[in-house]
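Here are my notes on the pocket and cavities of this model, as numbered points.

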Amino acid sequence: MVELPSAELHKTPLHALHLKLGAKMTAFAGYDMPVHYPAGILKEHLHTRAHAGLFDVSHMGQAVLHPRPGVDIAAAFESITPGDIAGLSPGQMRYTQLLNERGGILDDLMVTRHWAKDKGNTLFLVVNAGRKMEDFTHIEKALTGVAVLEPLPDRALLALQGPQAANVLARHIPQGAALKFMHGGSFASASQEVIVHRCGYTGEDGFEISLPASAAQEWAVRLLAEPEVEPVGLGARDSLRLEAGLCLYGHDIDETTTPIEANLLWSIGKRRREAGGFPGAAIIQEQIRQGVSRLLVGVKPDGRAPAREGTEIQDQTGKRIGQITSGGFSPTLNAPIAMGYVSAAFAAPGTPLQLLVRGKLLPAHTVSLPFIPKRFHK
């Protein structure tokens with residue numbers, strides 16, 4: 001996307017704190033966001049894997065979807081997404097996508113059935129920062145007369161991630177720390193409504209904490225005062241999610257890729273695969289039956305040179321068979337890693353590849369995703 005001049009960038013409620021902590025800032029999704037703090041990306045990444053990192057993700061889009069009288073909100077939302085929303089229990093969360101009529105991914109998002117008994121016919125949504133206005137417009141248009149979307153621009157969002165995240169949160173919100181994986185709830189703390197979900201995008205156990213923007217800095221300072229917690233920026237957030245084999249919208253998935261091509265079949269429940277009833281269903285069902293011509297795979301360069309986004313992938317004869325969509329250095333593995341699309345015939349783990357990096361062909365091979373085991377709470 002085209003970034004705005006710095007003077008026009010939006011600021012999250014933690015912007016002043018980022019500057020106070022010495023963050024290097026950059027334009028991202030229309031916001032002035034921290035890339036890293038004085039410790040640097042490598043140390044922030046490894047600290048999150050070993051202890052706990054605190055991320056500002058307040059640029060993400062939060063909203064509540066309310067049904068019109070007599071409407072089943074899950075059934076309504078299933079008309080625009082392939083996820084099994086009707087199967088969600090109160091407080092349960094699901095990863096899914098918004099699709100176009102060709103089965104292309106407009107965005108990926110998290111959907112939670114409201115945790116309160118009297119609001120069980122309501123959904124809590126979190127969408128990507130760079131797509132939130134498009135997503136909200138799409139949802140409102142698609143569900144006109146059926147549901148009402150209530151964006152929550154006055155709420156901040158913090159992500160506390162790492163193996164010690166639960167111990168840290170237990171000192172502040174014990175009930176939140178006791179949540180099951182991919183579940184959420186609302187908890188009273190200092191007369192504020194704090195919404196906690198046990199989820200994240202690092203491959204580690206962790207939580208996303210939604211709270212009033214006015215309370216964001218107070219909470220961030222409180223969590224950063226814990227000995228296990230350090231601030232972490234966008235740089236390490238990207239390397240962490242890449243190690244975990246998690247897609248980044250606009251890079252690994254977009255309107256030209258379907259969930260099947262992106263190896264996201266797991267996110268479409270059996271009932272939805274069979275019954276359809278969502279945009280692009282016929283195309284996706286055909287891809288499930290017949291397979292696809294390309295697949296998203298893990299790629300491991302054999303040497304030390306990283307393969308960045310846009311790098312051409314070739315077979316052993318020099319024929320172009322795909323392209324890298326995300327790539328960089330893995331601090332955990334101390335080696336370069338990447339993801340990209342290749343012709344389906346070359347998708348099996350261990351398949352030898354060649355990467356065209358700065359005019360030179362470098363050896364590589366496909367690997368199973370994720371690059372490191374996910375350690376989500378079970």
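1. Sixteen residues line the second largest pocket, and those nearest its centre are Tyr 31, Met 60, Lys 132, Leu 152 and Pro 153. A pocket here is an open set of points on a 1 Å grid over the protein atoms alone, with protein on both sides within 12 Å along at least five of seven lines; lining residues have an atom within 4 Å of a point. Two or more lining residues come from each of β4 (61-67) and α4 (132-142), and α4 gives the largest share, three residues. Helices (H or I, at least four residues) and strands (E, at least two) are DSSP runs, numbered from the N terminus.

2. This is a predicted model, in which local features need pLDDT of at least 70 and side-chain atom pairs pLDDT 80 or more, while totals for chains, interfaces and linings use all residues. Residues are numbered from 1 along each chain, and side-chain values use heavy atoms, without hydrogens and water.

3. The volume of the second largest pocket is about 250 Å³, a volume being the space filled by probe spheres set on the points, with grid points joined across faces, edges and corners.

4. The whole structure holds two cavities of 30 Å³ or more; a cavity is a set of points where a 1.4 Å probe fits but cannot get out.
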